Amino acid sequence: MSIIIKTPEQIEGIRKSSRLAASCLDYIEPYVEPGVSTGYLDKKIEDYIRAHGATPAPLNYHGFPKATCISPNNVVCHGIPTDDQILKNGDVINIDVTTILDGFYGDTSRMFEVGPIDDETARLLDVTKHCLDLGIQQVKPGNRFGNIGFMINRYAKSKGYSVVYEFCGHGVGLEFHEEPQVEHIARKNSGAKMKPGMVFTIEPMINAGKPKVSVDNADGWTARTIDEQLSAQYEHTILVTEDGYEVLTDLHNEY
């Protein structure tokens with residue numbers, strides 16, 4: 001399948017959904033504290049999404065049972081929120097939200113600290129966020145998708161971390177997952193060329209230890225590091241513009 005070039009009308013719809021998804025993460029931040037369950041956070045976000053006239057894309061997607069993915073500590077991605085998973089001081093969690101608003105999708109995630117965290121964990125989060133920033137800086141017409149992963153992997157390795165290769169970013173907007181696959185490890189100048197109107201996620205998952213993951217046999221979703229070391233992830237939805245990029249899930253003009 002080819003990479004969809006979105007029309008101006010489609011881009012505006014995706015922009016609105018992306019901003020709603022990002023606002024979910026701002027909304028939930030005060031509730032992320034010790035003693036709270038991940039199931040509680042999931043319900044709060046689902047209620048917020050529905051109150052804004054949208055639906056949560058993960059719910060019932062290929063059987064996924066919840067509205068969000070919440071992935072603590074050594075869970076790389078696709079963590080299933082539950083009422084008996086209680087947050088404690090020193091935890092870090094990734095909350096991944098995808099909204100469907102008027103038929104358009106917006107996708108974003110970020111890390112949250114539960115109480116004070118140690119310096120080693122803070123460093124992993126800082127490096128992971130910078131990996132996302134480096135990937136975004138590669139977005140411009142004519143550049144190749146592989147350069148996103150090349151820059152991410154080179155930086156992560158230079159800091160002593162590994163990059164998950166079994167999951168990647170993806171086209172988004174008219175569907176939850178579209179072409180292209182956006183690899184976070186790639187050869188320089190490989191892959192398709194970016195063109196204005198393309199919309200996709202960049203969502204590097206950076207591990208403190210080995211890059212490989214293990215998917216839980218019991219639930220079929222939860223992906224953990226194989227060595228139980230920490231993992232972190234940040235994600236934005238990006239539009240290729242005529243002269244660069246627009247981060248559609250950036251509510252705070254960070255980019």
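This is a predicted model: local features need pLDDT of at least 70, side-chain atom pairs count only at pLDDT 80 or more; totals for chains, interfaces and linings use all residues.
Leaving aside neighbours within four places in sequence, I100 is in contact (heavy atoms within 4.5 Å) with S17, A54, T55, A57 and Y105. I100 belongs to strand β4, which covers residues 92-101; helices (H or I, at least four residues) and strands (E, at least two) are DSSP runs, numbered from the N terminus.

Residues are numbered from 1 along each chain as its sequence is written, and side-chain values use heavy atoms, with hydrogens and water left out.The chain contains 4 helices and 15 strands. For its 255 residues, a compact globule would have a radius of gyration near 18 Å, and the value of 17 Å for the chain agrees with this. This radius is taken over C-alpha atoms, and the globule rule is 2.2 Å times the number of residues to the power 0.38. Along its principal axes, the C-alpha trace spans about 45 × 45 × 35 Å. Of the 255 residues, 55% count as buried; buried means under 20% relative accessible area, exposed over 50%, and partly exposed in between (1.4 Å probe, protein chains only). Among contacts in the chain with a separation of 6 or more, 71% come from residues 24 or more positions apart.

The charged side chains comprise 24 positive and 36 negative ones, and the centres of the two sets lie 7 Å apart. Lys and Arg count as positive and Asp and Glu as negative, whereas His and the chain ends are not counted. The place of a charge is taken as NZ of Lys, CZ of Arg, CG of Asp or CD of Glu.

Strand β4 also holds T99. T99 is buried, with a relative accessible area of 0%, and its side chain reaches the backbone oxygen of S17 at 2.9 Å. Such a polar contact is a pair of N or O atoms within 3.5 Å; within protein, one atom must be able to donate a hydrogen and the other to accept it, and residues adjacent in sequence count only if both atoms are side-chain atoms. Beyond its neighbours within four places in sequence, T99 is in contact with S17, L20, A21, C24, I49, T55, F104, Y105 and G106.

One of these partners, I49, is found in helix α2, residues 38-51. I49 is likewise buried, at a relative accessible area of 0%. Apart from neighbours within four places in sequence, the contacts of I49 are C24, A54, T55, P56, V97 and T99. The C-alpha atoms of I49 and D102, 53 residues apart along the chain, are separated by 12 Å. In the loop between α2 and β1 lies G53, which counts as exposed at 55% relative accessibility. Between the C-alpha atoms of G53 and R19, 34 residues apart along the chain, the separation is 13 Å.

A further buried threonine, T225, has a relative accessible area of 4% and is found in strand β12, residues 223-225. The side chain of T225 reaches the backbone oxygen of Q229 at 2.7 Å. With neighbours within four places in sequence left aside, T225 is in contact with N74, V76, N207, K212, L230 and S231.

Several backbone features were also identified. Most residues other than glycine have a negative phi, and most peptide bonds are trans. H62, although not a glycine, has a positive phi of about 50 degrees. This residue, H62, lies in the loop between β1 (55-56) and β2 (69-72) and is exposed, with a relative accessible area of 66%. N189, also not a glycine, has a positive phi of about 60 degrees. N189 is placed in the loop between β8 and β9 (199-202) and counts as partly exposed at 48% relative accessibility. The peptide bond from E179 to P180 is cis, with omega near 5 degrees, and P180 is located in strand β8, residues 178-182.
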